[in-house]
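Biologist: Please show me the structure. I would like to ask about some of its residues.

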Amino acid sequence: MGKYDCLFQPMKIGGVEIKNRIVMEPMGIHSHRLVNEDGSFTEDGITYYETIAKGGTGLVITSAMPVNANFDRSKGSKASMDLAGEEFVENTKKMAARLHSHGTKVFMQLSAGAGRVLPAFIAEGEPIAPSDGLPNFWDPSTKHRALTREEIQDYIDKFGQAAKTAMDAGVDGVEIHAIHEGYLLDQFTLTFCNKRTDEYGGSLEGRLLFAKRIVESIKAACGKEFPVSMRYSVRSFMKGFNDGAVPGEDFVEVGRDLQEGIEVAKLLESYGYDCLNADNGTYDFWWFPHPPVYMPEACNLKEATEIKKHVSIPVICAGRMENPDTALDAVSSGKVDGIGMARQLLADPMWPTKLQQEEPDDIRPCIACHAGCLNRIFKGQDICCALNPAAAREKQYALIPAEKPKKVLVVGGGIGGMEAARVCAIRGHQVTLCEKTDRLGGMFIAASNMSFKASDKRLIKWYEKQMQDLPIDVRMKTEATDEMIAELNPDVLFIAMGSTPRMLRIPGADSAYVLNAVTALNEPEKVAGNRIVIIGGGLTGCEIAYEYAKMGRQVTILEALDQYLNVDIAAANKNLLLALLKYTNVTVHTSAKVVSLEDNKVCFQIGEKTEEIAADTVIVSIGYISDAAVSAPEGREVYTIGDAGKVSNLLGAVWSAYEAAMNV
């Protein structure tokens, strides 16, 4: 018996058996490289899903397809199931066959649309919702009109037609999008959004009537055994429009509380739904349905476990469920039936196979950064992964053995340097990596020392294991001098020395109580006293502020610009971090120019006004400077990667290393 065997027991959804308990959750992919105009998947899109299937996932749920072209879709979009023709069916058959060849089942997610959370500026036609006057999420000045009873019936009919088209195209089931995340169907269920006085409003049963008639329509069209899953948020955690609760906050729920969530689950089962694909939250704040690094792991498991007690159909739980031992406990103890993941399968599509082979330490962990997935999707770019540049680019970024193996020297053992060494070694090059300190990980070590970054620590351990398992000559406490480089005589040199903290040049900056961010994170014992002042309100400064504020310390951020956290990160991450800074009472001064640091006081100016604040510890977090202090020998291939080339984020370090190394 293997430790993780219970995750690889089959489960049944409706009339379909899934080979294991691992489910790929739907992630919106909309770029034309991956999706055809009709919403079917291109060869690249099919390959993306097939890679997940090859990795051992039991069920793949595709990204959402609208069912009704008359409403709630983007301008000019031809992707709607009621417009689907022969080409859509043939492309979908091709996708289904490819996934089936690996023993993986596929469900197509069918969507009623977004309602008040569809961006008004891209919406086709009038903005719709359950009731008149609901404000648009993106532009609250835009108000939505209520769907008529006839329009709702048109939706219901088209769900049945869409499911039949999907079934005829070879998919194994459908999932309804969604009483989840505050989308249109969810808006119907919430008293906060649904003020209707007809049969689709009022009581809980009335607010669920739309969802009830959808599953009835599908079962009538496809048969009772054809599986229908519901994407379902158990609790809303909603304080108001565009406002949500952070974990642990005491608040007044205006959406669906846990008790109503249980009642809804029971009703959905009675209506004929075969599975509940569960999480929490609404679009109004995003961090429960799209949990960033600041959310605890398994953040939705408690609520999913509660509904499982009251239904007999399978319950799948999504939301940072990627930790193998967490997933194991959730299924083995009967808390839930299946584990839903999306981002983890981008970071490492082999997650299931590696677990089945008892190799959890070989899994490249998702770090919940959203940099390569959600942040790119909302910019109209291809979905990918910060840690896995080949995600959704499997053919273009495949690692091909080198025609002529070369001697490669990598200078710097940070993430970028280790990634370059890893890729070069996989391709058959002779690799030496030099790191001048006694630890691998570079600047990422400091970042991983925050209490909410356990996944960052796992990533460093994963890279350390790759350095051990691959034929790489790793030389610690070794500085790459000109003499050493000449002696090794590499054909290829990677300069990956990272960056160093930018220093303040003002009176008192060298005081003992003034630390740079790296020192503060690596040597927390030096962060003395209760009054912490952080100079710099970028991502690192704000994360450090949250770290100390949640310990109960009195934290102040001084930011020179007129905005703090003015960085390019996904909205789920940014909005939650801002909410947490507020929740933990961090004081922020913007447009604040620090002029001196003396006698445990910080003197700063805002406009013409000079202010002073007492500080037991000052942490300086004003950015980094590239460190590429290595002479590049003539006649060699030289690549400057990661922060050594341009100070960036983890995505920049990994991608620059991978893209250079894949072509050596």
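Biologist: Which helix holds Thr-189?

Modeller: This is a predicted model, where local features need pLDDT of at least 70, side-chain atom pairs count only at pLDDT 80 or more, and totals for chains, interfaces and linings use all residues. Residues are numbered from 1 along each chain as its sequence is written, and side-chain values use heavy atoms, with hydrogens and water left out. Helices (H or I, at least four residues) and strands (E, at least two) are DSSP runs, numbered from the N terminus. Thr-189 belongs to residues 184-189, helix α4.

Biologist: Is Thr-189 buried or exposed?

Modeller: Buried means under 20% relative accessible area, exposed over 50%, and partly exposed in between (1.4 Å probe, protein chains only). The relative accessible area of Thr-189 is 1%, so Thr-189 is buried.

Biologist: Which residues is Thr-189 in contact with, leaving aside neighbours within four places in sequence?

Modeller: Contact means heavy atoms within 4.5 Å. With those neighbours left aside, the contacts of Thr-189 are Ile-179, Arg-207, Leu-208, Arg-256 and Glu-260.

Biologist: What is the phi of Asn-242 near?

Modeller: Most residues other than glycine have a negative phi. Asn-242 lies in the loop between β12 (238-240) and β13 (243-244). Asn-242 is not glycine, yet its phi is positive, near 60 degrees.

Biologist: Is Lys-477 buried or exposed?

Modeller: Lys-477 sits in the loop between β19 (472-476) and α16 (482-488). Its relative accessible area is 64%, so Lys-477 is exposed.
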